[in-house]
Every structure is written in structure tokens, then in C-alpha cells.
Amino acid sequence: MRVFFVTSNEGKLHEASLVLREFSIELVMDLNHRKIEIQSDNLEDIVNNALTNICTGGISEYFVVEDDGLFINKLNGFPGPYSSYVYKTIGLTGILKLMNGINDRSAYFKSVVGLCGPQIPIKLFIGVVRGSIAMEPRGSEGFGFDPIFIPSGYNKTFAELGPEIKNKLSHRALAFRALGNWLLGKG
Ligand code: ITT
Ligand code: NA
């Protein structure tokens, strides 16, 4: 089975591909469609809307889009749905500055993966991983906020732990594994 992933983020594609390989599903980067992102404080709405634009008419393939956010509890969930913009603007050092003097550094990553395909309505799969914000960036693997995110139960960042461990417990791995299981049921 083959699924098209409408994304421009190579890191997302790589990690999701490894997960779906467990289900013998091939994930293909789709740069022909555009992921139109509405402004919303809700990842589910962003994904639903983006997919609605892609999945019009009689489609003959499966398409997925994924939207993620890093939600920092003491910042009332910031950057959340604005994570991509915040990463590109104030970046890791900007986030660490905002966290200056804050003791409760708990945070979570959330992934919302949406799927559409021939004869199926839009389905959403959600993954969450809890953890905390590091005191300084550490590690060189992964992408985005990985150097400052320490998953619960570990004392290293995702960027230090590397792809194998990240893909066991990440928000993305959980969401795509749920998608894999669901598609497997479809045959
Ligand atoms: P699309 O083309 O798929 O939209 P994107 O990078 O813009 O790619 P999002 O809109 O979902 O993706 O933005 C989420 C941002 O959150 C992303 O740019 C990263 O900076 C960050 N992020 C998401 N997943 C992450 C992960 O597993 N580790 C670290 N940072 C992550
Ligand atoms: Na985006």
C-alpha cells in the first residue's frame, strides 16, 4: 500500500516513513499538493481544513497531512499551533529565554495526523509525548525543537537520544502507528 504525505518537512517524512514501514506501507512525499494552513489554536481544525482542500472530488490515492505543536505548560501552551513560526523566528534560544526563572518546565508534543482516501471520510490520529524543556540545547539528531525536549523517563533530549528511541515514543510515532493499524484493518 502507498500513502502520499503532503509536507515540506523532511524530518517528519523520514520518521513517519520508518513507522509505516512496520506496516509495509510506503510513504511518498507529495509536493504537488499544497498544505493550506488556516490560523487556529486547534491542530485538529488545521489538519481537517488542509485535508478538505486536498481530498476533493474522486481521489484514487491515500493522502496524509500532519500538524504538530510543542505545548509548554507554564507558557499556557505556547508555542502550540504556532510552533513552526516560532521555531523560524525566535527559535530555540528564544524559547529558552522565555523559560528563564521558570521551575516547572513541563511540556508536551502533540501530533495530529489526518488521512483521506478513496471511499473514506477524513480520519484523524493523535499522538502525545510528555516531557520537559532542557536548560540548554543538547544533541544533534532530529530536527526542530528536538535539542530542547526531554521526554519523560529520560534525561537526554530527543536530539541526543536519536531516531531509534525517538521513534519508539514520539508524538509522531504514536499517531502514525495508529494510522498504520487502522489502514491494516482496511486490507
Ligand atoms: P509541514 O510542511 O508538514 O507543515 P512544518 O515543519 O511546517 O511542516 P508544522 O506546521 O506541523 O510542520 O510545524 C510544527 C513545528 O513544530 C515544526 O516546524 C518543528 O519546528 C516542530 N516540531 C514538530 N515535530 C517535531 C519533532 O518531532 N521534534 C522537534 N520539533 C518538532
Ligand atoms: Na507548516
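Modeller: A salt bridge here is a side-chain nitrogen of Lys or Arg within 4 Å of a carboxyl oxygen of Asp or Glu. Keep in mind that this is a predicted model.

Biologist: Fine. Which residue forms a salt bridge with K110?

Modeller: E44 does. The closest N and O atoms of K110 and E44 are 2.9 Å apart. K110 sits in strand β5 and E44 in helix α2, so this pair ties together parts that are 66 residues apart in sequence.

Biologist: Are K110 and E44 buried or exposed?

Modeller: K110 is buried, and E44 is too.

Biologist: How many salt bridges does the structure hold?

Modeller: It holds 13. One of them brings together the side chains of E15 and R172, at 2.7 Å from N to O. E15 is in helix α1 and R172 is in helix α7, residues 171-186.

Biologist: What else does helix α7 link to?

Modeller: R177 in helix α7 pairs with E22, which lies in the loop between α1 and β2. R177 and E22 are 155 residues apart. They form a salt bridge, with the closest N and O atoms 3.2 Å apart. R177 counts as partly exposed, at 21% relative accessibility.

Biologist: Which residues do shared partners join into one network?

Modeller: K12, E15, E66, D68, D146, K166 and R172. Salt bridges that share partners join them.

Biologist: Switching to cysteines. How many disulfides does a search of the whole structure find?

Modeller: One. It joins C55 to C116, S to S 1.7 Å. The link of C55 and C116 is left-handed, with -65° about the S-S bond.

Biologist: Where do C55 and C116 lie?

Modeller: C55 is in the loop between α2 (43-54) and β3, while C116 is in strand β5, residues 106-117. So the pair ties together parts that are 61 residues apart in sequence.

Biologist: Now the strands. In what sense do β1 and β2 pair?

Modeller: Parallel, over four bridges. Strand β1 covers residues 2-5 and strand β2 residues 26-29. R2 stands opposite E26 in β2. Between the strands, the chain crosses through helix α1, residues 10-21, and this β-α-β crossover is right-handed.

Biologist: How many bridges join β1 to β3?

Modeller: Three. Strand β3 spans residues 62-72, and β1 and β3 run parallel. V3 stands opposite Y62 in β3.

Biologist: Last topic, the pockets. How much space lies in the largest pocket?

Modeller: About 940 Å³. The lining has 36 residues.

Biologist: Which of those lie nearest its centre?

Modeller: N9, K12, K35, E37 and S84. K12 is also in the salt-bridge network.

Biologist: And which elements each supply at least two residues of the lining?

Modeller: β3, α3 (83-89) and α7 do, for the largest pocket.

Methods. Residues are numbered from 1 along each chain as its sequence is written. Chains are lettered from A and ligands numbered from 1 in the order in which they are written. This is a predicted model: local features need pLDDT of at least 70, side-chain atom pairs count only at pLDDT 80 or more; totals for chains, interfaces and linings use all residues. Side-chain values use heavy atoms; hydrogens and water are left out. Two strands pair if DSSP finds at least two bridges between them. A crossover is right-handed if, with the strands pointing away from the viewer, the path from the first strand over the helix to the second runs clockwise. A disulfide is a pair of cysteine sulfur atoms within 2.5 Å. Buried means under 20% relative accessible area, exposed over 50%, partly exposed in between (1.4 Å probe, protein chains only). On a 1 Å grid over the protein atoms alone, a cavity is a set of points where a 1.4 Å probe fits but cannot get out, and a pocket is an open set with protein on both sides within 12 Å along at least five of seven lines; lining residues have an atom within 4 Å of a point. Grid points are joined across faces, edges and corners, and a volume is the space filled by probe spheres set on the points.
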